[in-house]
Amino acid sequence: LNQLYRPLNILGFAYREIKQALTDLERMFQLLEEPPEVIDAPHAQPITDVRGRIEFEDVDFHYDDDRQILSGLSFTAEPGQTVAVVGPTGAGKSTLSRILYRFYDIAGGAVRIDGHDIRDITQASLRAAIGMVPQDTVLFNDTIGYNIGYAKPDASQSEIEQAAADAQIHDFIATLPKGYDTMVGERGLKLSGGEKQRVAIARTLLKDPAILILDEATSALDSATEKDIQVALSLASEGRTTLVVAHRLSTVQDADLILVMDQGRIVERGTHAELLSQAGLYAELWHRQDTVDA
Ligand code: ATP
């Protein structure tokens, strides 16, 4: 029986390794998954010295021909402003952020950065100008230091730690026995949703883009974590045009502009105070949230 045990053990090990490798591969393809129609135009130019003015003009969009997702969407974010997008689930908030990153091309209207239609800009330069903090950040099976620093391969340890501190994740990392050398990801330490978002914010700080997109995690966060993320976000948005897809209204109060979306349209817009006084959908969502929190 002992003679059998060893090969079986090796087989078991190999099985787990192969399964993990396949999962990694699957993840990679998910990451690389881009609709084939989004390609650089022959005349596409790189965008440089981005100031960060974002303009959506009468944007129509659908994933599938038979179902319109965004209709006649228009708004402008001036350089350095924070625009928050709120609204019921399925309203099209995340779709709007994916369109700015040009994961998909639109069916009508135009999206411009600093006055340039994003279809005339090379995708590489567009994505270099935008830092994207998605709902669910994929971590590499590597150290937490690597995961933060890979956005800037020549980053020094002190730059990585500064970015982590600004993203409100340094203190947590400092409590780990191996600190920045702690392995994370599928085969290492599993981070919570809030921790992963802060790792993603730290990455973005190192990348130093003119535009920041934050797609807030839908999962409920405890109030200390939520506060940390708010601090991280307000530091990260300083001097950058920031688009926040907000799932909690507590994050949007200080935004320069709040867009309220419903069924693919912007139905209200304004600051928090302006929207509350309108007593419309935003006010309703706000008061409903109050009752849920109470
Ligand atoms: P939530 O608050 O739940 O995240 P949301 O406002 O961000 O919602 P979106 O994720 O933008 O909404 O989705 C808008 C609509 O588009 C939804 O009806 C959704 O089912 C649909 N949708 C989203 N992604 C795709 C896709 N890849 N293919 C087809 N339909 C999609």
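Leaving aside its neighbours within four places in sequence, which residues is Ala-202 in contact with? They are Ile-148, Ala-163, Ala-164, Ala-167 and Ile-169, where contact means that two C-beta atoms, placed from the backbone, lie within 7 Å.

Welcome to this predicted model, in which local features need pLDDT of at least 70, side-chain atom pairs count only at pLDDT 80 or more, and totals for chains, interfaces and linings use all residues. Residues are numbered from 1 along each chain as its sequence is written.

Ala-202 is also among the residues with the most contacts inside the largest nonpolar core, which has 64 residues. Such a core is a set of buried Ala, Val, Leu, Ile, Met, Phe, Trp, Tyr and Cys residues joined through C-beta atoms within 7 Å; buried means that 20 or more other C-beta atoms lie within 10 Å of a residue's own. Helix α7 (residues 193-207) gives this core its largest share, 6 residues. Helices (H or I, at least four residues) and strands (E, at least two) are DSSP runs, numbered from the N terminus.

Next comes the sheet. In an open, antiparallel arrangement, 4 strands follow the order β2-β1-β4-β5; strands pair if DSSP finds at least two bridges between them. Because β2 (67-77) and β5 (116-117) each have a single partner strand, one side of each is left without a neighbour in the sheet. Between β1 (residues 54-64) and β2 there are 7 bridges, and Glu-55 stands opposite Thr-76 in β2.

Finally, the ligand has 13 residues around it, the closest being Tyr-63, Thr-89, Lys-93, Ser-94 and Thr-95. Helix α2 supplies the largest share of this shell, 3 residues.

| Class in the shell | Count |
|---|---|
| Nonpolar | 3 residues |
| Polar | 8 residues |

Methods:
A residue is buried if 20 or more other C-beta atoms lie within 10 Å of its own, exposed if 12 or fewer, and partly exposed in between; C-beta atoms are placed from the backbone. A residue is near a molecule or strand if its C-beta atom, placed from the backbone, lies within 6 Å of it. Ala, Val, Leu, Ile, Met, Phe, Trp, Tyr, Cys and Pro count as nonpolar, Asp, Glu, Lys and Arg as charged, and the others, Gly among them, as polar.
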